[in-house]
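Here are a few notes to go with the model you sent over.

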Amino acid sequence: MTIRPMFVAAILAGSMIVASDPLPADTEVRVRPGMMGVADIGIQNCATFTDMHYHGPAGMEHQVLTWVQGYVFAKTGANIDALLAAIPGDNGWNFDTLTGVFVDYCKANPDVPVSEAAVALWATLNEGNKAPD
Amino acid sequence: MSTTPTAADQPNNAGSKLWRAPFVGIATLVAMLLSIGLAHAVMRAIEEALGHDLTYVAQLFLGAGAIVWLWYGVKSKSENYATWTGFFTGAIIWMTWVELFFMYYGRKNFGMMPRMDGSQVTSEPEYLIMTATTGILMFMLAFYIFDKDTRCNMFVWIQKALKLNEGLGQSTKKASDRNYAIITFMEYIYVTWFCYAWNLLVFDPTFVGYGEDAFPAELASVFVSIIWGGYCFSRLMKYRRTSTAVRYGIPVANILWISVEIVSGWGIMTEIWLHPAEYWPELLVLTAAFAVLSALIYFAPKKQSEISR
């Protein structure tokens, strides 16, 4: 067997890859092809959040905390730091405990949207509770 | 990376009905294919048993242990031992210092997220980092193409096609000068890296789109993988010298594995090696089969040149 037919086949295959069209326009909001994460964490359900969290825990915690800052600001006109400062003493809230509420809530409620976890966190903070152990 | 065997290079195993062409090549390919699946399973099992944080620490020591083993292989005068040492240590280093290092940086240190297609995770952070190493992979490819001591069949063919033979001159190394432990070690890592990059580019929606848009590229990739891997396998089946066959079997299995990954992505087959806790009996049997087959190949009749330099 000569190598020439294989070479031609490889060129043809390469051409097919190059010629394949990019993604057509979507009607839903999505991140650009190739990017990681999702455009709107709030519309994901908790099962997706939990799966994504397993594969990228630090990144997911960062994204969800950034997202919930907007929610808290819309509710209070202040950021989470201001809200936490109003809870007296060593309340135990930090990056890990705040995001831990999302992680635990979503593990327990895989079918609900992630926004429900934000509501649960808001309820806890608004009641002036300390971080769960 | 291996060269085509010559008559003078054949082992003195005329009395053996098993260790001759095409059985050496077939047994080697089966062992190498099993090794790829089992390497995935071992990684997953370590992750699941230790948890990610402990795995990141453990991988440093596992990798260091592999380098110590490689040191013994490099010192060895046996081509057979050196080849298998290079193979196993290459696999361990790839799983630990490469994949798990990327995993640590992607998932924990950098705080990256997985790539998604709807609600499905399609690429983990470590593979997003790995895709970005394609440029480094390619410049190393240039080194292997332009190095006169490269003996891999494909690179030798490229050198010939590029009419480099005169410019490069004769190799300065004889067979006895070549250290097969480090050659096999680098071959394993480079071939695995190359095939990962190939796969990851075919799975990258930037270039091929999502879902059905990616299908033509995936089909083309499977086609190339089977033709290229099949051609190499047809050559591998002529091998009678087991050390050479192992070195040649590594790229053959990895090229064919491209199709396994893509076909699994289509949902045609279940990648049981990604779920060791669920499929442990099957994986245990496959591990035993790999161990026995590897031992048979390792202890198969050898020519003197394979066991001492």
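**Notes on chain B**

1. Let's start with a crossing: helix 3 of chain B passes helix 8 of chain B in a right-handed way. Keep in mind that this is a predicted model.

2. Now look at helix 2 (residues 52-75) of chain B, which packs with helix 3 of chain B at an angle of about 155 degrees, their axes 8 Å apart. An angle over 145 degrees counts as roughly antiparallel, so that is what helix 2 and helix 3 of chain B are to each other. Helix 2 of chain B passes helix 3 of chain B in a left-handed crossing.

3. Residues in that contact include B:Y56, B:L62 and B:W69 from helix 2 of chain B, and B:T89, B:I92 and B:W97 from helix 3 of chain B. By class, there are 13 nonpolar, nine polar and one charged residues.

4. Finally, zoom out to the partner chain: 29 residues of chain B are in contact with 29 residues of chain A. Which element of chain B gives the largest share of its side? That's helix 10, with eight residues. By class, this side of chain B has 19 nonpolar, four polar and six charged residues.

Terms used:
Residues are numbered from 1 along each chain as its sequence is written. Chains are lettered from A and ligands numbered from 1 in the order in which they are written. This is a predicted model: local features need pLDDT of at least 70, side-chain atom pairs count only at pLDDT 80 or more; totals for chains, interfaces and linings use all residues. Two residues are in contact if their C-beta atoms, placed from the backbone, lie within 7 Å. Helices (H or I, at least four residues) and strands (E, at least two) are DSSP runs, numbered from the N terminus. Ala, Val, Leu, Ile, Met, Phe, Trp, Tyr, Cys and Pro count as nonpolar, Asp, Glu, Lys and Arg as charged, and the others, Gly among them, as polar. Axes are lines fitted to C-alpha atoms, for helices over the stretch in contact, and angles run from 0 to 180 degrees between N-to-C directions. Angles under 35 degrees count as roughly parallel, over 145 as roughly antiparallel, 65 to 115 as roughly perpendicular and the rest as oblique. A crossing is left-handed if the near helix is turned anticlockwise from the far one by less than a right angle, and right-handed if clockwise.
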